[in-house]
Amino acid sequence: MQLVSVSRGEQERGKEFARTLAKKLAFQCLSQEEVAELAIDEGIAVGKLETSVVKKRHLTERQILEKEHYLAFFTRVLCERVREGNLVFHGRAGHLAVPGLTHVLRIRTQIEPATHVEEVMHRLSLDRAKAREYVEMVDEDITRWVRTMYNISGDPWAGYDLAVNLDRVEVGGATTTLCGFAQLPEFQATPATDNALDNLLLAARVRIALARDERTWAANFSVRADAGHVTVSYLPRDMIVGVRAPDVVQLVAGVTNLTCSVSSSNILWVQERFRAEGPTFEAVVKAANNWHSAIELMKLVPAISESSTVDSAAGDDENRAVTQTPLFTVGQVDGGIEADVERRSDGISDDRDFKKMFGELNARGIAGSASRLPANMRRIRSAVNRSTPYSLVVVDEVFLDDAPAARIRKTRELVGRLGDVIQAPVVSAADLLQLVSTRPGDTVKVFGLATAVVAFMVVVFGHQREVLEFFAPASPLSKVFAAAALLVIVPLFAAVYGSLTTAILKRFHLE
């Protein structure tokens with residue numbers, strides 16, 4: 001089923017636009033205000049949560065749990081409505097509540113500030129100055145709400161498919177035009193998006209069950225679902241509560257398998273071919289153990305046609321009609337979101353290695369979740385859950401079928417896109433190996449750096465008078481020479497001391 005998300009803020013004309021579009025498309029219509037009322041009936045303190053967000057207050061532990069409960073409830077409502085039939089949602093960036101649904105049509109409505117002020121003056125009977133102040137305050141509050149709820153640090157209004165200026169076009173004309181746009185193949189449901197929808201819905205239901213139950217409501221859980229296999233992770237501090245999670249989760253309809261892990265954050269590992277061996281595997285596992293993190297696997301599947309690769313917005317109907325069988329059968333670990341691309345000839349062996357990789361991580365107690373996506377920037381970006389706390393993203397061996405120059409360009413673009421979405425370092429496997437691995441020569445290196453630092457300290461503090469006289473000369477030429485020496489000595493000492501500190505911290509696993 002289709003989902004159209006209209007971000008319209010508090011604009012009355014935006015509400016009219018969404019309702020008219022839903023009527024012309026013969027879709028259901030759901031507003032942000034209706035979701036808020038349903039959430040209040042659920043027992044979520046939406047009013048207090050909004051007040052804390054818009055008043056720039058620091059969220060308490062209880063409010064953070066309320067936030068996670070609300071987001072899960074919001075996701076569940078959207079997914080259930082979409083499963084019932086096509087839906088137009090209008091409110092505040094509803095598409096962010098359904099990460100992984102790549103067929104969502106994302107529309108933002110706009111009106112000129114002066115028009116918005118006139119609209120508020122008429123609706124609330126305010127003078128122009130107070131109406132302008134009200135508009136600015138509400139716009140700022142909505143922006144802060146979106147940033148806080150979905151952990152967005154950049155522009156929360158970026159990434160839309162269309163922006164409609166309702167000052168330039170009438171609602172009737174705009175909605176009539178968009179009816180045709182909504183029928184484009186990019187915005188139609190496929191077996192892959194249906195699976196992603198089912199996964200989101202199951203994960204949301206599990207998170208809500210954990211929030212409702214008296215035994216588990218006090219812990220902050222991260223939940224992923226994949227073809228009935230549910231992965232639940234929680235912080236070490238919540239271990240006493242977290243061990244009760246299986247008793248709650250197993251009662252949720254649709255759960256066939258359950259993995260529970262303790263993690264303070266996630267490490268996202270993006271690759272085309274995974275092997276449960278080798279230096280990269282050991283480096284990622286070591287980082288996860290050192291940082292008490294779970295490893296989340298994202299397998300990129302290259303497409304046969306160029307239309308399915310980087311930033312492709314369109315593809316022919318024949319390619320889009322191709323569906324996939326799950327990576328692993330139900331009852332085992334599924335590979336995640338299915339891709340609408342053809343499988344490579346060596347895909348079976350790759351999938352076997354992928355399953356082995358997840359099994360090895362699961363055996364070590366650091367498995368997060370596993371997903372399978374086409375090598376398409378839009379699909380990858382929308383699949384990332386912004387609410388997941390990532391400590392690191394590792395990108396290695398991607399776009400292997402491309403020419404070297406194209407591979408380098410696409411890898412850099414992927415790193416940049418992931419860095420925009422995830423507020424965590426994005427590194428290559430080589431960088432990670434350098435960060436966490438220790439070599440036989442490191443001890444000699446630490447000894448040499450420590451000797452240099454101690455020698456510098458002895459010289460400076462043992463000859464303070466001479467040092468002060470050197471850097472405070474009387475002649476102008478000597479002052480220039482002293483300044484030049486200072487410019488060389490200070491950065492050099494900083495580099496040596498920084499390298500020594502980094503090497504020592506690595507020894508104590510404080511990367």
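Me: What should I keep in mind about the model and its numbering?
Reply: The model is predicted, with local features needing pLDDT of at least 70 and side-chain atom pairs counting only at pLDDT 80 or more, while totals for chains, interfaces and linings use all residues. Residues are numbered from 1 along each chain as its sequence is written, and side-chain values use heavy atoms, leaving out hydrogens and water.

Me: At what angle do helix 4 and helix 8 pack?
Reply: Helix 4 (residues 61–84) and helix 8 (residues 191–212) pack at about 140°, and their axes are 8 Å apart. Helix 4 is therefore oblique to helix 8. Helices (H or I, at least four residues) and strands (E, at least two) are DSSP runs, numbered from the N terminus. Axes are lines fitted to C-alpha atoms, for helices over the stretch in contact, and angles run from 0 to 180 degrees between N-to-C directions. Angles under 35 degrees count as roughly parallel, over 145 as roughly antiparallel, 65 to 115 as roughly perpendicular and the rest as oblique.

Me: How do helix 3 and helix 4 pack?
Reply: Helix 3 (residues 46–54) packs with helix 4 at an angle of about 115°, with the axes 10 Å apart. That makes helix 3 roughly perpendicular to helix 4. Val46, Lys48, Leu49 and Ser52 in helix 3 meet Gln63, Glu66, Lys67 and Tyr70 in helix 4.

Me: Switching to the sheet, what is the strand order?
Reply: The order is 2-3-1-4-5 in an open sheet of 5 strands with parallel pairing. Its edge strands, strand 2 (28–31) and strand 5 (162–165), each pair on one side only. The twist averages 20° from one strand to the next. Two strands pair if DSSP finds at least two bridges between them.

Me: How many bridges join strand 1 to strand 4?
Reply: Strand 1 (residues 3–7) and strand 4 (residues 105–110) run parallel and are joined by 4 bridges. Serine 7 stands opposite arginine 108 in strand 4.

Me: Is serine 293 buried or exposed?
Reply: Serine 293 is buried, with a relative accessible area of 1%; buried means under 20%, exposed over 50%, and partly exposed in between (1.4 Å probe, protein chains only). Serine 293 lies in strand 10 (residues 293–301). Leaving aside neighbours within four places in sequence, its contacts include Ser263, Asn266, Ile366 and Ser391.

Conventions:
Contact means heavy atoms within 4.5 Å.
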